[in-house]
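The structure comes first, then the notes.

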Protein chains: 4
Amino acid sequence: MWYHGPMEALVLEQKDRLRIRDIEIAETLGPNDVRIALRSVGVCGSDVHYFTHGGIGPFVVREPMILGHEASGVVVETGTDVKTLKPGDRVCMEPGVPNPHGRATRLGIYNLDPDVSFWATPPVHGVTRPTVVHPESFTFKLPDNVSFAAGAMVEPLAVGMHAATKAGIAPGDVAAVIGAGTIGLVTIMAALAGGCSRVVAIDIKDPKLKIAAGLGAVTTVNSGRTDPATVVHELTDGWGVDIVFEASGAPDALNAALPLIRPGGTLVAIGMPVEPVSFDVVGAQAREVRMETIFRYAHVYPRALALMGAGAIDLDPLVTDRYSFDKSVDAYEYAVSPRPESIKVQIEMPG
Amino acid sequence: MWYHGPMEALVLEQKDRLRIRDIEIAETLGPNDVRIALRSVGVCGSDVHYFTHGGIGPFVVREPMILGHEASGVVVETGTDVKTLKPGDRVCMEPGVPNPHGRATRLGIYNLDPDVSFWATPPVHGVTRPTVVHPESFTFKLPDNVSFAAGAMVEPLAVGMHAATKAGIAPGDVAAVIGAGTIGLVTIMAALAGGCSRVVAIDIKDPKLKIAAGLGAVTTVNSGRTDPATVVHELTDGWGVDIVFEASGAPDALNAALPLIRPGGTLVAIGMPVEPVSFDVVGAQAREVRMETIFRYAHVYPRALALMGAGAIDLDPLVTDRYSFDKSVDAYEYAVSPRPESIKVQIEMPG
Amino acid sequence: MWYHGPMEALVLEQKDRLRIRDIEIAETLGPNDVRIALRSVGVCGSDVHYFTHGGIGPFVVREPMILGHEASGVVVETGTDVKTLKPGDRVCMEPGVPNPHGRATRLGIYNLDPDVSFWATPPVHGVTRPTVVHPESFTFKLPDNVSFAAGAMVEPLAVGMHAATKAGIAPGDVAAVIGAGTIGLVTIMAALAGGCSRVVAIDIKDPKLKIAAGLGAVTTVNSGRTDPATVVHELTDGWGVDIVFEASGAPDALNAALPLIRPGGTLVAIGMPVEPVSFDVVGAQAREVRMETIFRYAHVYPRALALMGAGAIDLDPLVTDRYSFDKSVDAYEYAVSPRPESIKVQIEMPG
Amino acid sequence: MWYHGPMEALVLEQKDRLRIRDIEIAETLGPNDVRIALRSVGVCGSDVHYFTHGGIGPFVVREPMILGHEASGVVVETGTDVKTLKPGDRVCMEPGVPNPHGRATRLGIYNLDPDVSFWATPPVHGVTRPTVVHPESFTFKLPDNVSFAAGAMVEPLAVGMHAATKAGIAPGDVAAVIGAGTIGLVTIMAALAGGCSRVVAIDIKDPKLKIAAGLGAVTTVNSGRTDPATVVHELTDGWGVDIVFEASGAPDALNAALPLIRPGGTLVAIGMPVEPVSFDVVGAQAREVRMETIFRYAHVYPRALALMGAGAIDLDPLVTDRYSFDKSVDAYEYAVSPRPESIKVQIEMPG
C-alpha cells in the first residue's frame with residue numbers, strides 16, 4: 001500500500017532547468033485510491049510556461065517539481081474500497097483533486113475549491129513519471145476505441161466540454177469560436193458534438209484554420225483578412241450566432257465578440273488575458289448578452305469519454321508530435337516554439 | 001392580393017368520407033404574409049384519426065375540412081412588408097399560428113396559446129391543396145441539400161427537437177427513448193444531434209428497432225424480450241441514463257421509465273396516453289426526477305433546418321411511402337394500416 | 001477525542017416500545033467533526049411512524065434505535081481541523097451525512113447519495129440524547145435571533161426551502177400549496193420569503209388554514225367547500241398560478257393541481273403518496289407543465305438560516321407543543337393523535 | 001375611435017427649450033387598444049438628458065417631442081376586442097411596444113426588438129399630456145392599494161425586477177447592490193422581495209445609503225470610507241455574496257464587484273457606463289462568475305404589481321418631489337440638479 005522511494009521523472013529544477021532524474025516520492029494507496037502506471041503525458045502551455053518562466057502568477061516553482069498533468073495510463077493496484085476499477089484497466093485522470101470538505105466541493109463546483117491539489121502546480125508534482133496514486137473517483141476508464149494518446153487529450157478537451165456545457169447549447173444553435181489553438185479546436189469539437197449545427201472558427205493563422213475546417217460543419221474566417229461580423233451576418237441573415245466561445249485570450253476579443261452575438265445570446269470567456277481587458281458594457285446590454293466564465297472543468301470527463309467512445313469526437317489527429325520519455329527535454333524545447341501545424345506534443349512513457 | 005375561389009383539395013367531408021374535390025377558399029395576402037405552392041404534404045396520425053373517427057377529443061369535424069399539416073412548398077407571392085422571403089424560395093411551414101396579442105405568445109411560449117390556428121384542426125383547413133397563404137414569420141427557407149420530402153418532415157421532427165431542447169441535454173448525456181414510431185425516431189435523431197453520446201431505443205417491434213439502430217450511436221432493446229433496466233444498468237455502470245424520452249404513450253411507460261433514470265435525471269413526456277396513467281411519485285422522488293411535458297413545439301424550426309443543412313439530421317430515409325396528389329385517398333387508406341416497415345406516408349403535390 | 005460509554009437516550013426498542021434508558025454509544029471526534037450537546041429535538045411524522053409501525057417501507061427497526069432527527073444544540077468540542085465553529089456556538093444540524101466519495105455527492109446532489117447516513121433511519125441512531133458527534137460541514141451556526149426551538153425546526157423548513165429553490169420562483173410569482181400540515185406550512189413560508197407575491201393555501205381542515213392565513217400574503221381555500229380552481233381563476237384573471245407545491249400526498253392531488261397551473265407553469269411534488277397515483281399526462285402537456293420532485297434537501301440550511309436571521313421567516317409559532325426530555329414518551333404518545341391546532345411537538349433536552 | 005387634433009403637452013422643442021403648448025396628435029384606437037387619461041408621469045434621467053443635451057447617443061431630438069415615459073392613468077375608452085380592461089380602470093403602462101412580427105418578440109425577449117416603439121425616445125412622443133392610446137397587452141391594472149404615483153414608479157422598478165429575475169435568485173441568497181440611486185434602490189427592493197435574505201448597499205453618498213437602510217434587511221457601506229470587500233467578507237464568513245447587482249455605471253464598478261462574489265456567483269450589469277470599462281477576465285474566471293446584462297425589461301409588470309399589491313414593495317416613499325402639470329418646466333429644471341435627498345420627481349396631471 002505504501003510507496004516510498006525514488007522514481008525516474010521529468011523534473012523542473014528551476015526556471016529553464018529541466019531534466020530526467022531520480023526523485024523521492026512518498027505515496028500511500030488509500031482505500032479509495034488506485035495506483036496508475038502512466039502511458040501518455042501531454043505537454044500543456046502551462047507546463048511550458050513553468051519551464052520558461054519558473055512560475056505562473058502566484059504559483060512559483062520553489063522546489064524541484066515534476067511536470068505534466070494531461071495523462072493516461074493503466075491501473076496497477078487498487079485500494080480496498082475501490083469498486084469501479086481493477087488492475088489492467090486503461091484510464092485517464094482528472095489532474096485536480098478537491099478537498100471533499102470544502103464548501104465549493106459540496107456544492108458540486110469542485111473546480112472552484114481553493115484547496116484543490118492540481119498536478120504540476122507548485123508545490124504539487126505532475127505525472128511525467130512511472131506511477132502515481134490517484135482517487136478512484138477522479139480516474140476514468142477509457143472506451144476500447146480510445147487510445148492512450150487520446151486519453152491524455154481528455155484534459156484539454158475537458159475545458160472545451162465544460163465551456164460547451166456552461167453555454168447551455170440548444171440543439172441546432174450556431175456558435176463562433178475565437179481562437180483556433182488547442183483549446184479553440186477542442187471547443188469546436190465539443191460545441192459540434194454538444195448540439196451546435198455549425199461553428200464559425202475565427203483565427204489569424206491559416207494553418208490553425210485549416211485544421212478547424214476538418215472538424216465538421218465549420219466555417220473558417222481569417223480575421224486578419226475578413227471581418228467576422230460580415231461572415232456571421234450573412235450566415236445568420238443578420239441575426240447573429242447564439243453563442244461565442246472566446247478562446248484566444250486576446251485583449252480585444254470580448255469586444256470583438258459582441259457584434260457577432262444574437263439578441264439574448266451567450267458569450268463564454270475561456271481565454272485568459274494577462275491583463276484586464278476593455279469591455280463594452282452597453283454593447284453587451286443592447287443584446288442582453290449573458291457571459292459565462294470558465295475555470296478548468298467539473299463533471300465532464302465521463303461525458304467527454306462517452307462522446308469519444310461513440311465516435312462523435314476523435315482526438316487522435318490533434319496529437320501531432322510524440323516523444324519517448326527519454327526525449328522529454330527535447331519535447332519541451334520543441335514545445336517552446338513549435339511549427340504552426342503542431343497542436344499537441346505528447347510524451348510516451350515506457351509501457 | 002386576394003384569392004377567392006375554388007381550389008382542388010383533399011377534403012374530409014365527414015368521418016370515413018374523404019375525396020378530392022373543388023372547395024371554396026377565401027384568403028387575403030396580408031403585408032406580412034406569403035403565398036406558397038405546396039409540394040409535399042405528410043400524412044400524420046392525427047390526420048388519419050380525423051379520417052377514421054371524425055374527431056380527436058373536443059375537436060370534431062362538423063364542416064368539410066382539408067387534411068394535412070406537415071408541408072413544404074415554394075413561395076409564389078409575397079406581401080408588401082415581407083423581407084426574408086421571395087418568390088421561388090423553397091420553404092417549409094409551421095402549421096400553427098398563434099394570436100400575437102395572447103399572453104402565452106408574448107411570453108414566447110406561443111405553442112400554448114389557446115387561440116392558435118392550427119392546420120387541419122377543426123375548423124381550420126389543412127394544406128393538401130395547391131396553395132396556401134401563411135405568415136412570413138412561420139415560413140422557413142429550406143437549405144439547398146434538404147428535399148421537399150424532408151422539408152415536410154420538419155413538422156414531426158420539430159416535436160423531437162422541442163423535446164430535446166426542453167430536456168436540457170448536457171453534451172455527452174446518455175438518453176433512452178421509449179417508443180420507436182415516427183415521433184420516437186425523430187426524437188432519437190434530435191437527441192443525438194443535440195448532444196447525446198448514445199441513445200437506448202426501446203420498443204416491442206423489431207422492424208422499428210432496426211430502423212432506430214441505423215440512426216447512429218443507438219443501442220436497441222426489445223422490451224418484450226429484454227428488461228431495459230438491465231441494459232441501462234450495464235451501459236451506465238448502474239448509474240442510469242440522464243434523460244428518458246417517453247414517446248410511446250403507453251399507460252405503463254412513465255413508471256417503466258423511472259428505474260432507468262440516474263439520480264437528478266430527467267423524464268420528458270412526449271407520448272399522449274388516452275387516459276390518465278399510473279405514476280409512482282415516490283419512485284420519482286427517490287431520484288428527484290424532473291419531468292418535462294411537451295405540447296407541439298416552439299422556436300425549433302430554424303434550428304432543425306440548421307442541423308439538416310449541416311447534415312447532422314437526414315429525414316429522407318423516414319419517408320417510406322409516397323403518393324401523387326390524385327392518389328391521396330389511397331394514401332390515407334394505406335396509412336390506416338401500414339406495413340410495419342412504413343414510417344411516413346407523404347403526398348406529392350403537382351409541381 | 002473518543003467517547004465510548006453509555007448515555008441516557010430515548011430508545012425505540014421495537015414497534016410500540018419506547019423508553020428512556022442508557023445505551024452504549026461509541027463515537028470518535030474526527031478532525032473535521034464537532035461534538036454537540038443537544039437542546040431541542042423535534043418529533044417528526046417519520047419518528048412517530050417508526051414508533052407505531054416499527055418501520056417505513058424497506059427501513060425496519062431491527063435493533064434498538066434512538067429517535068429524533070430535527071435538532072439544535074451547542075458545540076462542546078471541535079476536531080483539530082475545524083475552522084468555522086467553536087465551543088459555545090449555538091447550532092443546528094443536517095441529519096443526513098453523505099458519502100463524500102459517492103457520485104451523486106460529487107455532483108452536488110448529496111441528498112440523492114444512496115449511502116447517506118441519516119439520523120433515526122435504521123440502523124442509524126437519532127439524537128434524542130445528550131450529545132452527538134457530527135461533521136462541521138453539516139453543522140450551522142444559529143443567528144442570535146433564532147431560538148433553539150426554531151433551530152430544530154430548520155429541518156422541516158429545509159424541505160420547503162428545497163421545494164421553493166427547485167421551483168425556480170421568479171420574483172412576484174403566484175403559487176398554490178396543497179396541504180397545510182407542517183410541510184405545507186413551511187413551504188408557504190419558503191415560497192413567500194423566496195419571492196412569491198401570494199400563496200393560495202389549500203386544505204380541508206380549517207384549523208390548518210387558519211394558521212396558514214397568518215403567514216402573510218396567503219389566500220386560503222377549504223377544498224372541501226370551495227373549488228380551488230375557481231379561486232385561482234378569479235385571482236389570476238383565468239391565467240393560473242405559476243407554481244403549485246403539492247404537499248399533501250393525497251392520491252388525487254397531482255391531477256387536482258393541473259387545472260390551477262398557468263401555461264408553462266411548474267408543479268412541485270413534495271408529498272409522498274403511499275401508492276402510485278393517477279396522473280393526467282395530456283392535462284399536463286396541454287399547459288406544458290414542468291414537474292419537479294423533491295427528496296429531502298441539499299444546500300438550503302445556510303439560506304434558511306439567513307432568512308430567519310433577517311426576520312423573513314419566523315418558525316417559533318409553529319412549535320405548538322413542548323415536552324421536557326423526561327416526558328419524551330408522553331410527547332410521542334401525544335404526537336400519535338394530536339389536537340388539530342398542533343403543528344410541531346418538540347422535546348427540550350436538559351441544558 | 002379616432003383622435004385627431006391638438007392637445008396641451010410638455011414639449012421639448014430642442015435642447016434646453018421645454019414648454020407646455022398645444023401639439024397636434026393623431027391617434028387611432030385599434031381593436032386591441034385602450035385610451036388612457038394620464039395621472040402621474042415621472043421624470044427620468046433620460047428625459048432630463050434629452051432636455052439638457054438634445055439627444056442620447058444615436059437618438060437625437062430633431063422634431064418637437066413630448067417628454068415622459070413613466071406613467072399611470074385611468075382607462076377612458078377601449079377597443080372592440082379588449083377583454084381585460086374597461087373604462088375607469090386605474091392602470092400603468094409599459095412605455096415600449098415591440099413589433100409583434102419581430103424575431104426577438106416571437107422568442108419572448110421583446111425588450112430586444114430593434115423595432116420597438118418607446119415613449120419619449122425620438123421620434124416617438126412621450127406622455128406628459130392628457131391622453132394616450134396604448135395596446136391592452138402593455139397596460140396593467142393597478143391593485144387598489146397602489147397609488148397613481150406608485151403606478152408611475154413601476155417603470156423604473158421594472159428595471160430592478162428584470163435584474164432580479166435574470167439573476168435567478170435562490171431563496172435566501174445574499175446580494176450586494178452597487179449604486180443607491182433610483183435604479184439601485186428599486187433593485188434592492190426587487191432583490192429583497194424576490195427572495196434575497198440580505199442586501200449590501202454600496203454607494204459614496206450617505207443620503208442615498210440612508211434611504212437604502214430603510215428598505216429592509218439592508219447593510220449599507222459607504223465605499224468612500226469602507227472597503228465593501230471587508231464588509232462582505234465578514235458578513236459571509238469569507239465566502240462572498242451570491243449576486244452583485246451593478247447599478248452605478250461607474251467605470252471601475254465591475255472590477256470592484258468581482259472580489260465580492262462567491263465561487264459560482266452572479267454579476268448583473270444594470271448600470272450603463274458611457275465608455276467601455278476595464279474587466280478583469282481572470283478575476284471573473286477564478287470564481288466562474290456568470291454575468292447577466294440588462295436592457296430595460298420584459299414580462300415583469302404583472303409580477304411587480306403583484307408584489308406591490310401584496311405590500312412586499314412600497315414605492316410611494318421614493319416619490320420625493322411632486323409638481324402639477326402647469327409647473328412641469330419647473331420640475332425638469334429642478335431635476336437637473338436635485339437635492340441629494342431627492343429620488344423621484346413626478347408630474348401630476350389634472351385629473
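Of the 351 residues in chain A, 60% are buried (under 20% relative accessible area, with a 1.4 Å probe and protein chains only). This is a predicted model, in which local features need pLDDT of at least 70, side-chain atom pairs count only at pLDDT 80 or more, and totals for chains, interfaces and linings use all residues. Residues are numbered from 1 along each chain as its sequence is written, and side-chain values use heavy atoms, without hydrogens or water.

**Chain A**
- Chain A has ten helices and 21 strands (DSSP runs: H or I of at least four residues, and E of at least two).
- The C-alpha trace of chain A spans about 65 × 40 × 35 Å along its principal axes.

**Aromatic pairs**
- The whole structure holds 22 aromatic pairs over all chains (Phe, Tyr or six-membered Trp ring centres within 6.5 Å; planes under 30 degrees apart are stacked, over 60 edge-to-face, the rest tilted).
- Tyr297(A) and Tyr301(A) form a tilted pair, because their ring centres are 5.8 Å apart and their planes at 50°.
- Phe140(B) and Tyr301(B) are both buried.

**Charges over rings**
- Arg296(C) lies over the face of Phe118(C), 3.7 Å from the ring centre (the cut-offs are NZ of Lys or CZ of Arg within 6 Å of the centre and within 35 degrees of the ring normal).
- Arg90(D) lies over the face of Phe148(D), at 4.7 Å from the ring centre.

Definitions and conventions: Chains lettered and ligands numbered in written order. Buried < 20%, exposed > 50% of the residue type's maximum accessible area, 1.4 Å probe, protein only.
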